[in-house]
Amino acid sequence: RLSTTLPSASKVNYPVTHEKIANPTNTRNFIDNQFVESKATRWIDLHDPATNNLVTRVPVSTQEELKAAVDSAAKAFPAWKRTSLLTRQQIMFKFVSLIREHWDRLAASITLEQGKTFADAKGDVLRGLQVAETACGITTQLTGEVLEVAKDMETRSYREPLGVVAAICPFNFPAMIPLWCLPIAAVTGNCMVMKPSERDPGAAMIIAELAREAGFPPGVFNIIHGQHDAVNFIIDEPRIKAISFVGSDKAGEYIYTRGSAKGKRVQANLGAKNHAAVLPDANKNATINAIVGAAFGAAGQRCMALSTLVLVGEAREWLPEIVEKAKQLNVNGGFEEGADLGPVISPQSKARIESLIQSGVDEGATLLLDGRGYKPEKYPNGNFVGPTVLTDVKPHMKCYQEEIFGPVLVCLNVDTLEDAIDLINANKYGNGVAVFTNSGATATRFQRDIEAGQVGINTPIPVPLPMFSFTGNKASIAGQGGNYFYGKAGLNFYTQLKTVTALWRSEDAVATGASTAMPTHA
Ligand code: NAD
């Protein structure tokens, strides 16, 4: 279980309140294991979403700084690649133990910069930490294959690192996504340049500090900041061999297309519209709790938020209870005890969410619960939106077509399981989906016919643990998929296969003369 109790500020070494910070400091670059003040001429103000007070200023790193980060990574790579796997594993052991030690501090940074509740922020860290912990098993995960393919001849295959790799991260999981990338990339022998979200880079900066303390040599992990210019630099820099991207459709499709055209390996996880199909035979209480938690948790700002409810047959009668439960949620500053959901990331995001709610109303949906204009007493200036429920939603409506990324549950009614499957499959996204039922046959049918890449059966957010991979599908992943994050696929992404075929004659070779035909060893 996660501890949801707020630690004291002294233990955390980071603000654990939303009080105005008297002298906000600048976020720095992290290059060659040094935190360096940027010489940027452009800076991005980062505000606490609960108050809109200034927290820090994030640099738009200069071209020289971006280049210095890649120089450092490229310089570190040959020695890091040669460093024994056991040494890299030891550093990882230290790294994971430091993350656990600094768990509260990381979570506090997330609550302050991103807005999610402290308990939820702890989950954000833990989900990333679990990837790092799993990466510690690299000594058994990276073994290759060997086969005697002909007399005295064997072929062995093994995995080698790619070189310098880059990660471009979104705002909604400031610790988890960096930790989907760095541990696997580094333990397999790559050197990484990361660009965290300019909206909340604090957790990544703490991760850098812990990586250095754990013993990662200079250059193995670097952080630069910015927006489009930094992304374009990463795409165009020939020494960067692979890009990991998580974020919105627009940026992801651009990075995937341009990065691939430049010959880079790209993994890109994009947006979503995750549906829950609820059958009337489901366990009612557990289902309602699961839906309300997964729709409104993190203020709906999860790529796996369960934002779309498909009520099958009589399950539509559960809607009033769902609304009642949603009303009871405590919307507050993320550091407040008992807060269930915090603010959304920015005033622009709040305005966009509110306009999508209005579009639903304008297009004929019924607004059962309206969270617009909600202001917690202590936080009148925050970007808060309360839980909102729209029903009678139809597939053509904008509130159904677009990812809202806010605490808004859109509900549709259908008559049969087949109708639910058809409706969900017709949606362009395919990240996650859930079915709630007590029938094994129904669940099996659903699991088989549904096209989403991650299926929950009586489980609202089926994000696989790191022994599996994060397997989004359709428009939730760029390209045709395959380049999944973490798990075996993640390991494959950050490595390339080398095969070596060796012939060591066990007796003196018989002189046969040169053959120009293709050797087949048959
Ligand atoms: P975003 O695309 O705005 O930002 C992601 C990163 O891309 C940031 O580092 C940003 O600086 C950069 N960026 C933004 N616009 C760009 C552009 N036009 N060109 C180049 N770079 C650009 O995404 P976000 O708002 O930070 O994150 C939320 C989105 O991420 C949601 O759509 C959510 O569903 C998605 N997401 C997906 C997953 C997943 O695994 N499928 C996980 C988390 C978040």
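## Lining of the largest pocket

By class, 20 nonpolar, 13 polar and 8 charged residues line the largest pocket of this predicted model. Here a pocket is an open set of points on a 1 Å grid over the protein atoms alone, with protein on both sides within 12 Å along at least five of seven lines, and lining residues have an atom within 4 Å of a point. Gly counts as polar, and Cys as nonpolar.

The lining comprises 41 residues, and Arg199, Gly247, Ser248, Asp249 and Ala251 lie nearest the centre of the pocket. The largest share, 5 residues, comes from α10. Among the other elements that each supply at least two lining residues are α7 (176-187) and α13 (347-362); helices are DSSP runs (H or I) of at least four residues.

## Ligand shell

The ligand takes up the space of the largest pocket; more than half of its atoms lie within 2 Å of the grid points. Around the ligand are 26 residues, of which Cys169, Glu198, Arg199, Ser248 and Glu403 come nearest. A residue counts as near if one of its heavy atoms lies within 4 Å. The shell has 13 nonpolar, 9 polar and 4 charged residues.

## Polar contacts

Polar contacts are pairs of N or O atoms within 3.5 Å. Oxygen atoms of the ligand lie 2.7 Å from a polar side-chain atom of glutamate 198 and 2.8 Å from a side-chain N or O atom of arginine 199. A ligand nitrogen is 2.9 Å from a backbone N or O atom of leucine 270.

## Basis

Residues are numbered from 1 along each chain, and side-chain values use heavy atoms, without hydrogens and water. Local features need pLDDT of at least 70 and side-chain atom pairs 80 or more, whereas totals for chains, interfaces and linings use all residues.

Key:
Polar contact = N/O pair within 3.5 Å; in protein donor to acceptor, adjacent residues only side chain to side chain. 1 Å grid on protein atoms, 1.4 Å probe; cavity = no way out; pocket = protein on both sides within 12 Å on 5 of 7 lines; lining within 4 Å.
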